[in-house]
Amino acid sequence: MLYNILRHAHSGLRWIVLILLVAAVVIAIQRLSAKNSYTDGNRKLYLFALIATHLQVTGGLLLYLIPASAGGSPKVNFDLAMDKFYRFYTVEHITTMLIAAVLVTIGYSRHKRLTDAISKHRMVAIFYGLGLLLILLAIPWPFRVAGAGWF
Ligand code: HEM
């Protein structure tokens, strides 16, 4: 029961995370190349992309850390971690996603401390861009990982 709620939330939220990160990177690159100002709307978009990423990681950690018998994911299994399928969830997915979330977090906190608009957008473009790339690589897409879904 808890597992199904967590799994569906985690699977569906990926789209919010992807949309917000793509929007943030596109806007950051656009405003950077046009030497445009830094608006309150920009700040909110970058913040919401950060929050969505953090929510996603929190849900992932719950799936990962709660034992399968208590509502965690049966796809996390340290005894079977040599098997390609279990290794993906037990090792690769979590490692890559945590690095991606750290990059997005660094991008947000550094951009916040900078003062000129161009440097702010550049910081977001680079760190959110790298984070987004890692997330795209580590999502269990149905065409890559058995049993994975689109939502
Ligand atoms: C932005 C970061 C993340 C994204 C976009 C993401 C996305 C996804 C997606 C799309 C699935 C497949 C769900 C399905 O097909 O049913 C999944 C599964 C999973 N994720 Fe993440 N994830 C992220 C971070 C994390 C982190 C940090 C952890 C662990 C700490 C984690 C743990 C898991 C686990 C255990 C599953 C398997 C769930 C199941 O039993 O079906 N995820 N993730």
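Lys35 sits in the loop between α1 and α2. In this predicted model, the phi angle of Lys35 is near 50°. That value is positive, and Lys35 is not a glycine. Lys35 is also exposed, because its relative accessible area is 68% and the cut-off for exposed is over 50%.

The overall fold can be stated briefly. The chain holds four helices and zero strands. Read from the N terminus, the order of elements is α-α-α-α. Helix α1 covers residues 2–33. Helix α2 covers residues 40–65. Helix α3 takes in residues 84–113, and helix α4 residues 117–138. The C-alpha trace spans about 50 × 25 × 25 Å along its principal axes. Of the 151 residues in the chain, 40% are buried.

The ligand carries an iron atom. The site has six donor atoms, and the angles among them run from 86 to 179°. Its geometry is octahedral. His10 belongs to helix α1 and His93 to helix α3, so the pair ties together parts that are 83 residues apart in sequence. Both histidines, His10 and His93, are buried.

The ligand is surrounded by 23 residues. The closest are Tyr3, His10, Ser73, Lys75 and His93. In the side chain of Ser73, an N or O atom is 2.4 Å from a ligand oxygen. For Tyr3, a polar side-chain atom lies 2.5 Å from an oxygen atom of the ligand. Gly149 contributes through its backbone, with an N or O atom 3.0 Å from an oxygen atom of the ligand. The ligand takes up the space of the largest pocket. Helices α1, α2 and α3 are the elements that give two or more residues to the shell around the ligand.

Tyr3 counts as buried because its relative accessibility is 18%, and the limit for buried is under 20%. Tyr3 and Met97 are 94 residues apart in sequence. Their C-alpha atoms are 20 Å apart in space.

Ala100 is buried, because its relative accessible area is 0%. Its C-alpha atom is separated by 5.8 Å from that of Leu134. Along the chain, Ala100 and Leu134 are 34 residues apart. Gly131 lies in helix α4. Gly131 counts as buried because its relative accessibility is 0%. The C-alpha atoms of Gly131 and Val104 are 5.8 Å apart. In sequence, Gly131 and Val104 are 27 residues apart.

Technical notes: Residues numbered from 1 in each chain as written. Predicted model: local features only at pLDDT ≥ 70, side-chain atom pairs only at ≥ 80, totals over all residues. Heavy atoms only, no water. Donors = N, O, S within 2.8 Å, 3.2 Å for Na, K, Ca; no water. Tetrahedral: all angles 85-135°; square planar, octahedral: opposite > 155°, others 65-115°. Buried < 20%, exposed > 50% of the residue type's maximum accessible area, 1.4 Å probe, protein only. Near = heavy atom within 4 Å. Polar contact = N/O pair within 3.5 Å; in protein donor to acceptor, adjacent residues only side chain to side chain. 1 Å grid on protein atoms, 1.4 Å probe; cavity = no way out; pocket = protein on both sides within 12 Å on 5 of 7 lines; lining within 4 Å. Sits in = over half its atoms within 2 Å of the grid points.
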